[in-house]
Amino acid sequence: MPREQIEALQVRKLKNLLAWTQESVPWHAKRLKAAGVSADNVNSLSDLGRIPMLTRDEWMEAQLEQPPYGPLLAAPQEAAIRYHLTSGTTGRIPLQVLDSMKDWEWIAEMWCYGFWGFGVRPSDIVFFAFSYGTFVGFWGAHYASEKIGCLVLPGGNMTTEARVKQILGMKATVVCSTPTYALRMAQEARSMGVDLENSSVKRLILSGEPAGSIPATKRLIESEWGARAADTAGMTEVGTIMIFECEKQPGGTHIIEDHFIEEVVNPESGEPVPYGEQGERLITSFGRGFIPVLRYRTRDLVVRVPAGTCSCGRTFDIYEGGIRGRVDDMKLVRGTNVYPRAVEAIVREYKEIDEFRIHLYTADGRQDEIEVLVEIAPAHDSQAERILHELRKALSQAHEGLRIGVKQVDAGSLPRFELKAKRLQDDRIVIGTTGERRTTA
Amino acid sequence: MKNTTGVELTESEQALVECYRTLVRILKKSNDLAPFERRNALKAVAALWQIANGLDMDPGQIYDIGA
């Protein structure tokens with residue numbers, strides 16, 4: 001679909017969404033009225049800026065004032081068939097959402113864009129390394145695989161070893177997991193003496209963490225599995241994915257623009273940023289009518305580039321490098337900005353490193369310090385000294401000469417993750433106190 | 001039958017959109033459906049909504065019928 005048609009479609013869907021929201025959600029209607037916005041006076045995408053942004057804090061407070069969902073539902077609870085929660089990456093309490101039958105079908109439909117776009121077909125056997133709980137995670141992907149006609153292997157409530165065995169035993173051709181867990185399964189396979197590179201798995205579909213678009217992490221996953229890996233990203237607030245990587249793997253993820261409007265703004269001023277510049281993504285969703293989402297501030301950092309940068313022929317714009325981190329991920333260490341994603345990109349260049357953790361602490365009660373704790377695979381223990389030295393140097397060079405300690409820890413001593421990995425531990429205190437914990441960077 | 005962007009739908013697409021509209025009509029008006037008939041019709045209408053939506057036919061919201 002040509003860009004001008006996509007935009008015309010978005011404007012029409014936006015007007016419909018505004019009309020539905022005004023009519024069914026008084027809480028939103030009040031906000032829209034206060035901003036002078038109505039379905040009648042929004043006629044182009046340039047009118048978007050007049051619609052008030054919605055923050056997670058506002059959503060959370062609305063929920064606290066009127067539990068459990070807040071005054072945000074556009075339909076009675078009786079119309080719902082699904083309940084899910086955010087995973088709580090940021091914020092104090094999880095957000096709670098509902099979906100109807102139609103919404104749930106739509107959620108799967110969005111995942112179909114990603115699966116089909118990456119080459120998944122009815123003949124595929126899809127394994128889900130996912131725990132099937134209240135976190136929405138790969139639920140929609142599971143139903144998308146069924147919808148496509150694949151054979152679905154629901155790998156919930158299994159040990160990593162059992163999952164690896166089932167993937168091999170059932171000759172799965174597609175594996176879905178977080179990037180971290182894809183590496184965890186590869187480690188497990190190695191310790192079992194299994195040759196994953198020559199297994200039946202041809203594709204990995206990754207979600208849940210930004211690492212799926214970090215080139216070094218992705219390269220490592222692809223080489224460990226001998227398969228191609230595609231990044232996707234979604235959020236519980238809209239119930240599904242809004243971006244996916246196609247088979248051409250353009251180094252980024254296409255935005256599903258016939259179902260969402262994505263804007264990129266300066267996180268401080270809220271002003272739009274041009275193509276190629278990093279900013280925070282805002283999302284407006286046309287799919288789930290149960291809880292309308294208009295200009296929601298995601299806190300995700302992205303760089304948008306035109307669709308033409310991919311050779312697949314889709315006219316959906318691209319987030320180059322996928323989701324690059326979160327606005328609140330950045331840590332300030334002795335005046336230098338440190339992004340966990342940037343650290344991961346360097347650490348993952350070392351295939352010998354099985355797991356790592358970024359640790360921030362206060363030395364002698366007066367100075368911020370940062371160290372990276374690494375587990376080196378036992379088979380490469382003899383190279384530990386060289387790896388630690390090189391890594392220390394590479395990390396420092398990438399951070400304006402900041403001194404970053406690198407320490408080896410025992411194999412298997414760092415935590416492993418199935419869902420969103422939490423590799424940053426911030427133990428810094430307020431300088432001058434005896435131990436008052438710092439709450440911000 | 002044309003969609004909202006003025007594109008003419010194929011015969012098969014038109015039939016599917018008609019199917020969606022018919023189901024919505026039945027679910028709104030009929031009180032004589034057995035539970036198994038209603039729940040399977042609801043499942044079908046939820047799936048057909050995706051077609052009508054994908055064809056840019058502005059299918060609207062259908063929470064009032066339970067989908």
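In chain B of this predicted model, 56% of the contacts between residues at least 6 apart in sequence join residues at least 24 apart.

**Chain B**
- The C-alpha trace of chain B spans about 40 × 20 × 15 Å along its principal axes.
- Chain B has 67 residues, and 31% of them count as buried.

**Chain A**
- Chain A has ten helices and 20 strands to keep track of.
- Along its principal axes, the C-alpha trace of chain A spans about 70 × 60 × 40 Å.
- A compact globule with 441 residues would have a radius of gyration near 22 Å, and chain A has 22 Å, so the two agree.
- As for burial, 42% of the 441 residues of chain A count as buried.

**Where the chains meet**
- Chain A puts 15 residues into the contact, and chain B puts in 15 residues too.
- On the chain B side, those residues sort into seven nonpolar, five polar and three charged.

- In soluble globular proteins, nonpolar side chains tend to be buried together.
- The largest nonpolar core here has 106 residues, and the ones with the most contacts inside it include Val126(A), Val175(A), Leu204(A) and Val45(B).
- Helix 4 of chain A (residues 101–117) gives the most to this core, with nine residues.
- Ala182(A) is another of the residues with the most contacts inside that core. Leaving aside residues up to four places away in sequence, Ala182(A) touches Ser177(A), Leu204(A), Leu206(A), Ile221(A) and Trp225(A).

- Chain A splits into domain 1, covering 101–327, and domain 2, covering 331–426.
- How far apart are the C-alpha centres of domain 1 and domain 2 of chain A? They lie 26 Å apart.
- Where these domains touch, domain 1 of chain A supplies 18 residues and domain 2 of chain A supplies 15 residues.
- On the domain 1 side, the elements giving two or more residues are helix 7 (179–191) and helix 8 (215–225) of chain A.
- Helix 7 of chain A has the largest share of that side, with four residues.
- By class, the domain 1 side divides into seven nonpolar, eight polar and three charged residues.

Key
Residues numbered from 1 in each chain as written. Chains lettered and ligands numbered in written order. Predicted model: local features only at pLDDT ≥ 70, side-chain atom pairs only at ≥ 80, totals over all residues. Rg over C-alpha atoms; globule rule 2.2 N^0.38 Å. Buried ≥ 20, exposed ≤ 12 C-beta atoms within 10 Å, placed from the backbone. Contact = placed C-beta atoms within 7 Å. Nonpolar A, V, L, I, M, F, W, Y, C, P; charged D, E, K, R; others polar. Core = buried A, V, L, I, M, F, W, Y, C linked by C-beta atoms within 7 Å. Domains from an automatic or database assignment.
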